[in-house]
Amino acid sequence: MAGVWVLAENHRQTLELLNIGRVLASKLGTRLAAFLLHDREMAQEYIEYGADDILLLPSLPEDQSLDAYIPVIAEEAQKQEPDIFLVAATLRGKEIAARIASRLNTGLCSECISLTLDESGKNLEMERLMFGGAAAQKVTCRTRPQMATVPPRTFEPAVKQSGREGQIKELPVPPASALRVLEKKARAHEASDIREARVVVCAGRGIEKQEDMALVRELAEAVGGEIACTRPISEELHWLPENLCIGLSGINVKPDLYIGVGVSGQIQHVTGIRDAKVICAINNDENAPIFEAADYGIVGDLYEVVPKLIKELKGEK
Ligand SMILES: Cc1cc2nc3c(=O)[nH]c(=O)nc-3n(C[C@H](O)[C@H](O)[C@H](O)COP(=O)(O)OP(=O)(O)OC[C@H]3O[C@@H](n4cnc5c(N)ncnc54)[C@H](O)[C@@H]3O)c2cc1C
């Protein structure tokens with residue numbers, strides 16, 4: 001049996017992978033399967049979003065983490081021999097994908113921005129950016145499954161087709177993993193995956209003191225966005241965690257709106273925002289390179305501009 005498989009951590013990412021997965025499965029004339037965590041209602045929904053098969057993972061005991069599923073997924077892949085296996089490129093997704101690829105002794109291309117079939121119509125061509133986005137690399141994989149991780153928001157979500165029918169297969173309970181979950185804590189606001197955010201407010205070195213980060217946070221809240229930063233803010237000053245650093249050595253974001261506050265716009269940073277739909281910049285240096293990348297620029301002191309913006313956004317006069 002062949003097929004295209006998708007595995008994602010959340011609903012939106014699953015829909016995005018179902019969209020591209022459906023395209024590939026139709027071209028290959030094969031079935032599209034999605035992994036899902038023990039939710040039969042959602043299984044029907046994913047079928048209506050394009051899946052032919054749902055591979056239902058059983059619930060885990062409280063003290064088990066998601067990696068307990070890895071042997072079950074790998075075993076199923078050995079049985080069914082899918083052609084293509086797409087995993088959402090979240091931190092956890094990338095780790096799980098790498099461990100499954102290793103078990104299956106197959107290749108894995110990370111952070112793919114395009115997935116097409118080659119001229120033969122049989123092999124997956126996976127494209128990803130290199131050298132900070134200055135070049136694109138096309139990768140093919142000789143082994144099966146051809147595995148790829150795909151960043152959130154690379155593809156549009158699938159469109160629902162009510163009444164579509166498919167099959168649901170329940171997978172066995174995995175053996176207990178050696179890893180135990182000792183404690184679960186709610187995510188700090190800053191720890192969310194900003195690659196999924198529609199609005200990103202980025203703090204740069206123009207912020208003078210750590211306590212002034214509250215201003216950027218307030219702007220992010222007022223505009224309904226997530227906070228992110230440049231490398232000096234996370235790596236040198238440790239005012240925000242490193243998973244919020246945007247750029248060459250950080251992550252790439254694709255928000256509808258990016259607002260840089262006191263960000264100079266060096267190439268290593270701008271490479272991470274090139275896919276933002278609208279870029280706004282607040283900087284007191286009119287020659288700052290960020291203005292070359294920006295759609296809207298405010299030349300001014302952030303300590304004057306940001307409070308005014310917050311007031312406007314909150315409707316205060
Ligand atoms: C190999 C390599 C990889 C790197 N990877 C990354 C990466 O992934 N991400 C990243 O961000 N950087 C990265 N860098 C660092 C990058 O080159 C820049 O140094 C960094 O992006 C600059 O951060 P910044 O804009 O916050 O600070 P600065 O360059 O210091 O800019 C601060 C800006 O704030 C403005 N400003 C100051 N005061 C005010 C005020 N009161 N009001 C308004 N504006 C004000 C200034 O005019 C200035 O333009 C990398 C560098 C290297 C060599």
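Sorted by class, the shell around the ligand in this predicted model holds 9 nonpolar, 13 polar and 4 charged residues. The ligand is surrounded by 26 residues, and the closest of them are Gly204, Arg205, Gly206, Gly247 and Ser264. Several elements of secondary structure give two or more residues each to this shell, namely helix H6 (231–236), helix H7 (267–270), strand S14 (278–283) and helix H9 (302–313).

The protein chain as a whole is divided into two parts, with domain 1 covering residues 4–170 and domain 2 covering residues 189–313. Where these two parts meet, 7 residues of domain 1 are in contact with 10 residues of domain 2. On the side of domain 1 that touches domain 2, the classes are represented by 2 nonpolar, 3 polar and 2 charged residues. The centres of domain 1 and domain 2, taken over C-alpha atoms, are separated by 32 Å.

With 12 residues at 1.5 Å a residue, H9 should span 16 Å, and because its end C-alpha atoms are 16 Å apart, the expectation and the model agree. The buried residues of H9 are Leu302, Val306 and Leu309. Viewed down the axis of H9, these buried residues fall within an arc of 65°, and therefore they line one face of the helix. The face of H9 turned away from the buried side carries Glu304, Lys308, Lys311 and Glu312, which are exposed. Just after H9, the backbone at Gly315 takes a positive phi of about 75°.

A last stop is the loop between S14 and helix H8 (290–293), where Asn287 lies. Is Asn287 buried or exposed? A residue is called exposed if 12 or fewer other C-beta atoms lie within 10 Å of its own, and because Asn287 has 9 other C-beta atoms within 10 Å, Asn287 is exposed. Along the sequence Asn287 and Val299 are 12 residues apart, while in space the distance between them, C-alpha to C-alpha, is 9.3 Å.

Technical notes
Residues are numbered from 1 along each chain as its sequence is written. This is a predicted model: local features need pLDDT of at least 70, side-chain atom pairs count only at pLDDT 80 or more; totals for chains, interfaces and linings use all residues. A residue is near a molecule or strand if its C-beta atom, placed from the backbone, lies within 6 Å of it. Helices (H or I, at least four residues) and strands (E, at least two) are DSSP runs, numbered from the N terminus. Ala, Val, Leu, Ile, Met, Phe, Trp, Tyr, Cys and Pro count as nonpolar, Asp, Glu, Lys and Arg as charged, and the others, Gly among them, as polar. Domain bounds come from an automatic or database domain assignment. The expected span of a helix is 1.5 Å times one less than its number of residues. A residue is buried if 20 or more other C-beta atoms lie within 10 Å of its own, exposed if 12 or fewer, and partly exposed in between; C-beta atoms are placed from the backbone. The arc is that of the directions from the helix axis to the C-beta atoms.
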